[in-house]
Amino acid sequence: VGDQLDRWADPPLLVLTSLADEPKHGYSITQDVAETMGVRLSAGTLYAVISRLEARGLIEPLESDDRRRPYRITAAGARELARQSERMSRVASLATERLRAYLGWAGA
Amino acid sequence: MRDPATPPRATMMPRAALALYPPSWRSRYGDEVYALLDESGGGVRAIASVAWHALPAWIRPPRHLYDRPARMRASLATGLVAWSFLVGLGLVFAQLTQFQGYRPDGHPVIAWSYLVFDAALALSVLAAGLGGLPLWLLMLRRALRERRRRNTVYLLLPLIAPAAYLVGLRVALQFGAGPQGVSPSWFGIIILAGFAAAGGLAAAAIGLSLWARGFTGYQQHTVPGVYLALVVATAAVTAVSAARGARAALASDAPGTAEANRL
């Protein structure tokens, strides 16, 4: 799953991150991602991502009385998000460390 | 922002964008996408994004929405549509190059274009045949297994009707034509009308067999309709080429033509 998730780039991770604290429906996800992560997800991208994440069991739909169906992250989704965020943390740490060395060497 | 509990607006653009998706995807997520477009105010960019993502939904559908028979029917219909477009394009090209004073042999680009068109047509015939064959065989095998005689006949008619027409045409030409044969125009008319009749019969048979197998909706109309268009377009190309060839052959036999051709 991890390798396939990498190929989708960021939107699946943004959606999983948005659902990590509480269930949300489509519009709430786009609002949350825009406000907290600064990325605007279009309707087409969002539902392409939701259908993939649902197919892989990383999120699941909840019952709803109106047309807005909320989604919540599953245990598998939480594990996947933890793995991806750990990898991103390692990359960020490494980037910061090497950047500091580079800036020190360059005399900046 | 609109109240999400209210029914979706029947605006044309979101409807058209969602119509591009596979039916299973649309029935699962359609209402939610409508709600999101309503809440976010829609807009051309949002709708364009929805339309754009229909392509991957067809090419790589999510596992839980995979609909094998629908995909086969859609592939068949798309293949036939593409083929009919190609044949139509060929007709336009033949009209422009053969009847507007150009001589195909005299211009290398036009001669090469004919070769490219012939190769593309042959490949597309092969692809359409191979693409539609599994569905046809599946339906035929089921009809034979369930001993549905009428269904079996419907499915075999696309083969029987053109074959019967060609045999009938051969017999009619053998015994009915005069010493000079039929004129190029009549030859074209016979080809065109005969293929159209045989194709119409076969298209009706395909439609009936789809209906008998419980397929309804756009597939039932699209597949036979496209098949009929395909047969008529192919017949038209054949008729135009045959009439043109026959006319050229007759002209070359006429007195003084050899001299004219040398000029």
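1. Arg67(A) and Asp38(B) form a salt bridge, with 3.3 Å between the closest N and O atoms. Please keep in mind that the model is predicted. The rule finds four salt bridges across the interface of chain B and chain A. Across that interface there are also 11 residue pairs in polar contact, both residues being at pLDDT 80 or more.

2. On the side of chain B that touches chain A, the elements giving two or more residues are α2 and α3 (44–52) of chain B. The largest share of that side comes from α2(B), with 13 residues. Sorted by class, the side of chain B that touches chain A holds 16 nonpolar, eight charged and five polar residues.

3. How much area is buried between chain B and chain A? The figure is about 2,100 Å², and carbon and sulfur atoms give 55% of it. Within chain B, the residues that lose the most area to chain A are Glu32(B), Leu36(B) and Arg60(B), which together make up 27% of what that side buries. In terms of contacts, 24 residues of chain A meet 29 residues of chain B.

4. The largest cavity holds about 70 Å³ of space. Its lining includes Pro22(B), Pro23(B), Trp25(B), Trp58(B), Pro61(B), Pro62(B) and Leu65(B), along with Asp67(B) and Arg71(B). The elements that give two or more residues to this lining are α2 (23–40) and α5 (68–98) of chain B. The largest share, three residues, is from α2(B). By class, the lining of the largest cavity has eight nonpolar, two charged and one polar residues.

5. Which residues line the second largest cavity? From chain A they are Ala48(A), Ser51(A) and Arg52(A), and from chain B they are Tyr21(B), Trp25(B), His53(B), Pro56(B), Ala57(B) and Pro62(B). Two or more residues of this lining come from each of α4 (43–55) of chain A and α4 (54–59) of chain B. The largest share, three residues, belongs to α4(A). The volume of the second largest cavity is about 60 Å³, and its lining divides into six nonpolar, two polar and one charged residues.

Note on methods:
Residues are numbered from 1 along each chain as its sequence is written. Chains are lettered from A and ligands numbered from 1 in the order in which they are written. This is a predicted model: local features need pLDDT of at least 70, side-chain atom pairs count only at pLDDT 80 or more; totals for chains, interfaces and linings use all residues. Side-chain values use heavy atoms; hydrogens and water are left out. On a 1 Å grid over the protein atoms alone, a cavity is a set of points where a 1.4 Å probe fits but cannot get out, and a pocket is an open set with protein on both sides within 12 Å along at least five of seven lines; lining residues have an atom within 4 Å of a point. Grid points are joined across faces, edges and corners, and a volume is the space filled by probe spheres set on the points. Helices (H or I, at least four residues) and strands (E, at least two) are DSSP runs, numbered from the N terminus. Ala, Val, Leu, Ile, Met, Phe, Trp, Tyr, Cys and Pro count as nonpolar, Asp, Glu, Lys and Arg as charged, and the others, Gly among them, as polar. Contact means heavy atoms within 4.5 Å. Buried area is the accessible area (1.4 Å probe) that two parts lose on being put together, summed over both. A salt bridge is a side-chain nitrogen of Lys or Arg within 4 Å of a carboxyl oxygen of Asp or Glu. A polar contact is a pair of N or O atoms within 3.5 Å; within protein, one must be able to donate a hydrogen and the other to accept it, and residues adjacent in sequence count only if both atoms are side-chain atoms.
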